[in-house]
Amino acid sequence: MTTARLDHHPPPSPVKPAVTGPDDRTDVPVFRRRQRRRSRLTALAFLAPLVLYLAACYVYPLYRNLDLSLRDYTVRSFVSGDAPFTGLDNFRNVLDDPTFGPALRHTMIFTFVSITCQFAAGLALAVFFNRHFRLAGTLRALFLIPWLLPLIVSASTWSWLLNSESGVVNYALHLVGVSPVDWLDSPGWALTSVIIANIWIGIPFNLVIVYSGLQNIPGELYEAAALDGAGAWQQFRRITFPLLRPVSAITLLLGLVYTLKVFDLIWIMTKGGPGDASATFATWSYRLGFGSLLPKFGPGAAVGNLLILIALAFGLLHIRVQRRQEP
């Protein structure tokens with residue numbers, strides 16, 4: 001009996017995976033991690049100047065203004081820095097001051113009348129120039145002159161125009177048989193005078209922004225509306241104005257924030273007077289802080305902070321309205 005001999009081969013041993021270290025990962029190569037690190041460092045390098053600028057020109061001044069409004073600063077303590085902490089006493093004094101009511105009312109009137117008239121005039125001019133007629137570019141450039149002039153030049157020019165004795169406006173009124181108006185020195189006309197000057201200065205800004213918004217409206221919409229028999233007013237009401245809502249909202253917000261803090265125009269023309277006839281929060285804050293031999297730094301800073309809170313409230317309201325309108 002022959003027995004077959006079978007060769008027995010042991011099963012192959014399992015291959016052990018190679019042990020890799022943290023720097024030998026195949027999914028994230030070393031050069032990719034270095035590239036990401038360089039990108040982050042580059043981004044931080046570009047961001048650093050902006051952060052420094054915001055910290056030096058915005059954060060620190062806001063902090064100092066808040067600190068001024070919460071302490072009893074005098075000229076001596078302002079230099080030495082040892083003013084006592086008074087909490088909200090400066091805000092209470094401001095709210096109890098007889099100037100608070102007129103200044104708040106004048107600020108609201110000055111702001112809302114100015115931005116309403118500026119936007120209405122800017123919108124009308126933008127629609128007019130959107131027709132692209134001959135010399136439209138030249139005329140549009142001429143309308144930008146009030147915006148390009150330094151504000152001190154514009155304010156001085158309007159002070160000369162509205163001068164009660166030698167002003168051009170009163171001379172023109174005299175030619176048509178109207179008695180002269182004491183524009184800058186009369187309590188009934190001082191606020192109106194600075195509002196007129198501010199409207200004239202702000203129209204070019206609204207014109208530029210609204211005109212740029214009109215360029216983004218497709219012309220095919222107007223052509224289709226004209227074929228359907230829509231007139232100019234219907235095209236404006238159904239096409240132009242609805243599609244300009246985002247641009248209009250940001251234009252009004254920027255105009256409101258800018259107009260709330262207008263100081264130099266009013267100060268050059270009337271200094272907030274006569275009395276408090278044209279005083280706003282901006283001029284009142286300056287008058288408290290720097291307008292006398294015994295400055296009231298704390299109340300002046302408190303008025304400035306109230307102005308910041310008003311602007312912040314309108315900004316947050318704008319953001320909320322925009323979010324509701326988003327689909």
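Biologist: Pro146 first. Buried or exposed?
Modeller: Buried, because its relative accessibility is 10% and the cut-off for buried is under 20%. Keep in mind that this is a predicted model.

Biologist: Where does Pro146 lie?
Modeller: In helix α6, residues 145–148.

Biologist: And what does Pro146 touch, leaving out residues up to four places away in sequence?
Modeller: Ser154, Trp200, Ile201 and Pro204. Take Ile201: its C-alpha is 5.3 Å from that of Pro146, though 55 residues separate the two along the chain.

Biologist: Switching to confidence. What pLDDT does the protein average?
Modeller: The average is 84, and 91% of the residues score at least 70.

Biologist: Which elements have the lowest and the highest mean pLDDT?
Modeller: Helix α2, residues 75–80, is lowest at 78. Helix α4 is highest at 93.

Biologist: Where is the pLDDT below 50?
Modeller: Over residues 1–7, for one. That stretch has zero contacts in the model beyond near neighbours in sequence. Residues 19–23 also stay under 50. There the model has three contacts beyond four places in sequence.

Biologist: Salt bridges next. How many does a search of the whole structure find?
Modeller: Four. One joins the side chains of Arg71 and Asp67, at 2.8 Å from N to O. Asp67 is buried, with a relative accessible area of 13%. Arg71 is partly exposed at 25%.

Biologist: Which residues are linked with that pair in a network?
Modeller: The salt-bridge network consists of Arg64, Asp67 and Arg71.

Biologist: What about Arg92, which residue does its side chain meet in a salt bridge?
Modeller: Asp89, at 2.6 Å from N to O.

Biologist: Which residues of α3 are buried?
Modeller: Asn90, Phe91 and Val94, in a helix that covers residues 89–96. They line one face of the helix, because they fall within an arc of 100° seen down its axis.

Biologist: And Arg287, what is its partner?
Modeller: Asp276, with 2.9 Å from N to O. This pair links distant parts of the chain, eleven residues apart: Arg287 is in helix α14 and Asp276 is in the loop between α13 and α14. Arg287 is partly exposed at 24%, as is Asp276 at 27%.

Biologist: Last topic, the surface. What makes up the nonpolar patch?
Modeller: Its residues include Phe128, Leu135, Phe143, Trp200 and Ile268, and the area is about 1000 Å².

Biologist: Which helices each supply at least two of its residues?
Modeller: α5 (136–143) and α7 (151–161). The largest share, three residues, comes from α5.

Biologist: Where does Leu135 sit, then?
Modeller: In the loop between α4 (100–129) and α5. Leu135 counts as exposed because its relative accessibility is 56%, and the cut-off for exposed is over 50%.

How values were computed: Residues numbered from 1 in each chain as written. Predicted model: local features only at pLDDT ≥ 70, side-chain atom pairs only at ≥ 80, totals over all residues. Heavy atoms only, no water. Patch = residues over 30% accessible without salt bridge, like charges linked within 9 Å, V, L, I, M, F, W, Y side chains within 5 Å. Areas by Shrake-Rupley, 256 points an atom, 1.4 Å probe, with all protein chains shown as cover. Helix = DSSP H or I, 4+ residues; strand = E, 2+ residues; numbered from the N terminus. Buried < 20%, exposed > 50% of the residue type's maximum accessible area, 1.4 Å probe, protein only. pLDDT = per-residue confidence, 0-100. Contact = heavy atoms within 4.5 Å. Arc of directions from axis to C-beta.
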